[in-house]
Amino acid sequence: MLDIGCGFADLLGYLSDEPSRKPAQYTGVDINQQLLDVGAQHFPDATFIQANILLDDDIPDADVVFMLGVLNFRFQDFDNLDFAHAMISRAFGMARETLVVDLLSQCRDEAYPEEDFVYYYDPAQILRFALSLTPHVELRHDYPSIPQREMMLVMRHAPWTS
């Protein structure tokens with residue numbers, strides 16, 4: 001698996017808590033070397049790469065690619081939707097089978113105040129864009145707010161089979 005924007009490799013930590021969930025191979029990619037160093041200390045058997053997936057071509061492909069929390073920061077200098085499209089396109093190209101992305105939803109939980117440093121995506125826009133890349137798309141928008149309302153985009157190169 002490939003974890004884009006892995007930070008401290010918290011996803012690997014979560015998966016490793018249950019031996020049946022631990023991936024056979026894990027590569028974490030992040031632009032921040034200090035975060036990668038901490039991840040490498042905790043998970044010496046994993047691979048960590050400092051890179052920007054939009055600029056670096058030497059990142060290995062993986063069966064499953066995760067991009068969690070990477071697209072939530074609101075940019076001032078460029079368009080968030082354009083950035084998200086570029087990141088999702090590139091990450092999907094790196095996934096041999098599946099890409100999983102989480103995003104904050106414009107369909108906010110009214111109990112939680114809107115924050116100006118995060119970006120809220122229109123679920124319909126995200127779904128339309130994903131469908132422009134593959135017909136095999138799932139958009140989950142049905143889980144509880146934590147505290148903000150999030151959505152999970154799952155894109156596959158082939159239909160899901162059980």
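View 1. Buried stands for under 20% relative accessible area, exposed for over 50%, and partly exposed for the range in between, with a 1.4 Å probe and protein chains only. Helices (H or I, at least four residues) and strands (E, at least two) are DSSP runs, numbered from the N terminus. The model is predicted: local features need pLDDT of at least 70 and side-chain atom pairs count only at pLDDT 80 or more, while totals for chains, interfaces and linings use all residues. Residues are numbered from 1 along each chain as its sequence is written, and side-chain values use heavy atoms, with hydrogens and water left out.

View 2. Not counting residues up to four places away in sequence, Val65 touches Leu2, Ile4, Ala91, Met94, Ala95, Thr98, Leu99 and Val100. Contact is taken as heavy atoms within 4.5 Å.

View 3. Two strands pair if DSSP finds at least two bridges between them. S1 pairs with S2 in the parallel sense over three bridges, and Gly28 in S2 is the bridge partner of Asp3. S1 and S4 also run parallel and are joined by three bridges; on this side the partner of Asp3 is Phe66. S4 is joined to S5 by five bridges, again in parallel, with Val64 bridged to Thr98 in S5. In strand S2 (residues 27–30), Thr27 and Val29 point one way and Gly28 and Asp30 the other way, and all are buried.

View 4. The structure holds six aromatic pairs. Rings of Phe, Tyr and Trp (its six-membered ring) pair if their centres lie within 6.5 Å; planes under 30 degrees apart count as stacked, over 60 as edge-to-face and the rest as tilted. The pair of Phe78 and Phe83 is tilted, at 5.8 Å centre to centre and 55° between the planes. Phe78 is partly exposed, with a relative accessible area of 45%, whereas Phe83 counts as buried at 19%.

**View 5. Phe75 in its loop.** Phe75 is placed in the loop between S4 and H3 and counts as partly exposed at 23% relative accessibility. Leaving aside neighbours within four places in sequence, Phe75 is in contact with Asn80 and Phe83. The C-alpha atoms of Phe75 and Tyr119 are separated by 8.0 Å, with the two residues 44 apart along the chain.

**View 6. Two arginines over tyrosine rings.** Arg21 lies over the face of Tyr14, 4.2 Å from the ring centre. For Arg108 over the face of Tyr120, the distance to the ring centre is 5.8 Å. A charge sits over a ring if NZ of Lys or CZ of Arg is within 6 Å of the ring centre and within 35 degrees of the ring normal.

**View 7. Polar contacts of Gln148.** Gln148 is found in the loop between strand S6 (136–140) and S7, and counts as buried at 9% relative accessibility. The Gln148 side chain makes a polar contact of 2.6 Å with that of Glu115 and one of 2.9 Å with that of Tyr120. A polar contact is a pair of N or O atoms within 3.5 Å; within protein, one must be able to donate a hydrogen and the other to accept it, and residues adjacent in sequence count only if both atoms are side-chain atoms. Not counting residues up to four places away in sequence, Gln148 touches Leu104, Tyr112, Glu115, Val118 and Tyr120.

**View 8. Two loop alanines.** Ala9 is in the loop between S1 and helix H1 (10–16) and is buried, with a relative accessible area of 0%. Although not a glycine, Ala9 has a positive phi of about 70°. Ala111, in the loop between S5 and H4, is exposed at 72% relative accessible area.
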